[in-house]
Amino acid sequence: MIKPDGVQRGLIGKVLQRIEQKGFKIVAMKLAVMPEEKAKAHYAEHVGKKFYQDLVDFITSGPSVSLVVEGRGAIAAMRKMNGATNPAEAVPGTLRGDFGIETGRNVVHGSDSPASAAREIALHFCASELVNFKRIDEAWLYE
Ligand code: DAT
Ligand code: MG
């Protein structure tokens, strides 16, 4: 997900470019202001933490872009491409390292496991919004 700060700062294209140039396939994409209930469900694992309400307020504060990214090793690779949660610790070359300064404005979100990816995809998309197609360069990306 490209969070509201990334959208407001004009970073949608830069994030999408990194995903595309890596070779991963964007199979669903949606720009919307996340409703409060969806935000609470999205961040359910953080209920009770001191930053939880700020997180919900931030993620609902403007449009965000939700994506489903497909490819071998995509979950772990996207987390690496996003970088450490705190942009101050994220290494240069990562999205957060290159484009962020503080934890509460860290530009992007990435699912952290197959289970959370499945849960988050079901939360933000219906099955018919996921597109099944082949990238023409797949033979040059996979051995
Ligand atoms: P990540 O987004 O890297 O998966 P997370 O799941 O631990 O990190 O936290 C979700 C988001 O909550 C994170 O992107 C920014 C915010 N957050 C995490 N820890 C925080 C903290 N200590 N103070 C403020 N915001 C925090
Ligand atoms: Mg997380």
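Which residue is the bridge partner of Ile26 in β2? In this predicted model, the partner is Val69. Strand β1 covers residues 25–32 and is joined to β2 by seven bridges. The two strands run antiparallel.

Strand β2 spans residues 64–70. Of its seven residues, five are buried. Strand β2 is therefore largely enclosed by the rest of the structure. In a regular strand, side chains alternate between the two faces of the sheet.

Ser66 gives a view from within β2. Its relative accessible area is 10%. The cut-off for a buried residue is under 20%, so Ser66 counts as buried. Which residues does Ser66 touch, leaving aside those up to four places away in sequence? The list holds Met1, Ala28, Met29, Lys30, His124 and Phe125. Among these contacts of Ser66, Ala28, Met29 and Lys30 fall within the residue range 25–32 of β1. Ser66 can also be compared with Ile121 in position. The two residues are 55 residues apart in sequence, and their C-alpha atoms are 8.9 Å apart in space.

Thr60 lies in the loop between α4 and β2. Helix α4 covers residues 52–59. Is Thr60 buried or exposed? Its relative accessibility is 18%, so Thr60 counts as buried. Beyond residues up to four places away in sequence, Thr60 touches Val33, Met34, Pro35, Glu36 and Ala39.

Attention then turned to the ligand. The surrounding residues are Lys3, Tyr43, His46, Phe51, Leu55, Arg79, Thr85, Arg96, Thr103 and Asn106. One of them, Leu55, falls within the range 52–59 of α4.

A polar side-chain atom of Thr85 lies 2.5 Å from an oxygen atom of ligand 1. For Arg79, the distance from a polar side-chain atom to a ligand oxygen is 2.7 Å. For Asn106, the corresponding distance is 2.8 Å. How much of the ligand does the protein bury? Taken alone, ligand 1 exposes 520 Å², and the protein buries 74% of that area.

Conventions
Residues are numbered from 1 along each chain as its sequence is written. Chains are lettered from A and ligands numbered from 1 in the order in which they are written. This is a predicted model: local features need pLDDT of at least 70, side-chain atom pairs count only at pLDDT 80 or more; totals for chains, interfaces and linings use all residues. Side-chain values use heavy atoms; hydrogens and water are left out. A residue is near a molecule or strand if one of its heavy atoms lies within 4 Å of it. A polar contact is a pair of N or O atoms within 3.5 Å; within protein, one must be able to donate a hydrogen and the other to accept it, and residues adjacent in sequence count only if both atoms are side-chain atoms. Accessible areas come from the Shrake-Rupley method with a 1.4 Å probe; for residues, only the protein chains shown count as cover. Buried means under 20% relative accessible area, exposed over 50%, partly exposed in between (1.4 Å probe, protein chains only). Helices (H or I, at least four residues) and strands (E, at least two) are DSSP runs, numbered from the N terminus. Two strands pair if DSSP finds at least two bridges between them. Contact means heavy atoms within 4.5 Å.
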